[in-house]
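Subject: Structure handover

Dear colleague,

Please find below the structure I promised to pass on to you. My notes on what was found in it follow directly after it.

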Amino acid sequence: MGPTYRLWAGGERIFADFVVGADGVRSVVRRFFLGPLPKRRSLPAICRFYEKRPGDPIMIRVTPFPGYVWAFGRPDCLVVGVGAMEHGHSLGPELDRFMAEFFPGRKPLGPATGALLPRMYGAGAYRERRTGSGWALVGDAAGFCDTLTGEGILYAAWSADLLAEAYLAGNPAAYDRAWRRAFGAHLALGARMARVFSSHRNIDRFFTAITACPSFRKVLMDFVWNLPSYPRLALQLIATAPRTLMEWRRFVKAGGRIDPSALGAFEAFADRLTLHWD
Ligand SMILES: Cc1cc2nc3c(=O)[nH]c(=O)nc-3n(C[C@H](O)[C@H](O)[C@H](O)COP(=O)(O)OP(=O)(O)OC[C@H]3O[C@@H](n4cnc5c(N)ncnc54)[C@H](O)[C@@H]3O)c2cc1C
């Protein structure tokens, strides 16, 4: 028989023979079993909610440091956030500047809150075990997030699914093999690529090309929906490069300004998004 853990939760004492840390990037469970997540394995962000007004646009603005500010409307509020691809930058002033320029006088619904995104930075992050005698980590607690896209919800659900399978099969240790095979290499490669491509200029060009070049957008949309491997994504990008280049040149020649009507398609796309999990 394995160990029994004694936990305090909501003022109650619980005894458990298996503990799953699904408690986010600042995971207490992770800290207990593996120590704190090293700083280099996370990326900083802040978020603030504001009153929403009809017709609020979806916006992205690249910051002077590697990162960007985003704004999008939820049914009940406008969400504005700043994310950086490295630690050590002041995100708050960047958010204030963005609001003053694009949404002056907009009433905040609360204070800005800080948030971290885990990233699978370095070989140690890939090799580190996420399960041991009587414990396992899933989602952000396990550091599963795609650095290139910021996507973590998929990996939270996927890792929980893989752990449940291993646990129910009576072999929780198999979980470590399962997540590495399913998406571990993908996340590790994404974190490495993000380091190479995350300069201010590249991020700016990336978002502009998504909006201005339909061929590039099509490949990226396929990536979001179907999650091909990064090598396959690279092949698709190379195959469409001549068309993307042509579209880019046409865009630059026409003045390099994005026609606001082109953004409507993205808002319609966001409205159509639903999450399925089989
Ligand atoms: C600004 C920002 C934007 C993002 N945008 C996207 C996006 O567009 N798409 C996407 O896929 N991902 C996005 N992510 C990443 C995504 O939010 C996370 O990867 C995902 O939520 C991880 O899910 P999780 O269940 O592992 O952790 P969490 O969602 O963090 O859930 C952990 C839960 O554990 C609870 N908890 C923590 N400690 C304790 C404790 N001691 N006792 C009891 N409960 C506790 C918390 O309250 C929380 O409810 C974003 C992240 C950030 C920071």
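In this predicted model, 12 residues of domain 1 are in contact with seven residues of domain 2, where two residues are in contact if their C-beta atoms, placed from the backbone, lie within 7 Å. Sorted by class, the side of domain 1 that touches domain 2 consists of seven nonpolar, three polar and two charged residues; here Ala, Val, Leu, Ile, Met, Phe, Trp, Tyr, Cys and Pro count as nonpolar, Asp, Glu, Lys and Arg as charged, and the others, Gly among them, as polar. The domain assignment gives domain 1 as 19-39 + 120-191, domain 2 as 41-118 and domain 3 as 200-272, and such bounds come from an automatic or database domain assignment. Between the C-alpha centres of domain 1 and domain 2 there is a distance of 28 Å.

Residues are numbered from 1 along each chain as its sequence is written. Because the model is predicted, local features need pLDDT of at least 70 and side-chain atom pairs count only at pLDDT 80 or more, while totals for chains, interfaces and linings use all residues.

Next comes the ligand. It is surrounded by 19 residues, of which the closest are Gly-24, Ala-115, Gly-139, Gly-152 and Ile-153; a residue is near a molecule or strand if its C-beta atom, placed from the backbone, lies within 6 Å of it. The shell around the ligand divides into 11 nonpolar, five polar and three charged residues, and it draws at least three residues from each of domain 1 and domain 2. At least two residues of this shell are supplied by each of β4, β8 (113-118) and α4 (153-168), and α4 gives the most, with three residues. These labels follow DSSP runs numbered from the N terminus, helices being H or I runs of at least four residues and strands being E runs of at least two.

Strand β7 (residues 78-84) is mostly covered, since five of its seven residues are buried; a residue is buried if 20 or more other C-beta atoms lie within 10 Å of its own, exposed if 12 or fewer, and partly exposed in between, with C-beta atoms placed from the backbone. Strand β4 (residues 42-50) is joined to β7 by six bridges and runs antiparallel to it, and within this pairing Tyr-50 has Leu-78 of β7 as its bridge partner. Strand β6 (residues 67-73) is also antiparallel to β7, with seven bridges joining them, and Gly-67 stands opposite Ala-84 in β7. With four residues between them, β6 and β7 form a hairpin. Two strands are taken to pair if DSSP finds at least two bridges between them.

There is also an open sheet of three strands, in the order β3-β10-β9 and with mixed pairing. Strands β3 (19-21) and β9 (131-132) stand at its edges, each with a single partner strand, so one side of each is left without a neighbour in the sheet. Three bridges join β3 to the parallel strand β10 (residues 135-137), and the partner of Val-20 in β10 is Ala-136.

Which residues does Leu-91 touch, not counting residues up to four places away in sequence? They are Pro-44, Ile-46, Val-82 and Ala-84. Leu-91 belongs to helix α2 (residues 91-102) and counts as buried because 21 other C-beta atoms lie within 10 Å. By contrast, Arg-127, found in helix α3 (residues 123-127), is exposed, with 11 other C-beta atoms within 10 Å.

Finally, Leu-227 lies in the loop between α7 (214-226) and α8 (230-253), and has a positive phi of about 45 degrees although it is not a glycine. Most residues other than glycine have a negative phi.

With best wishes
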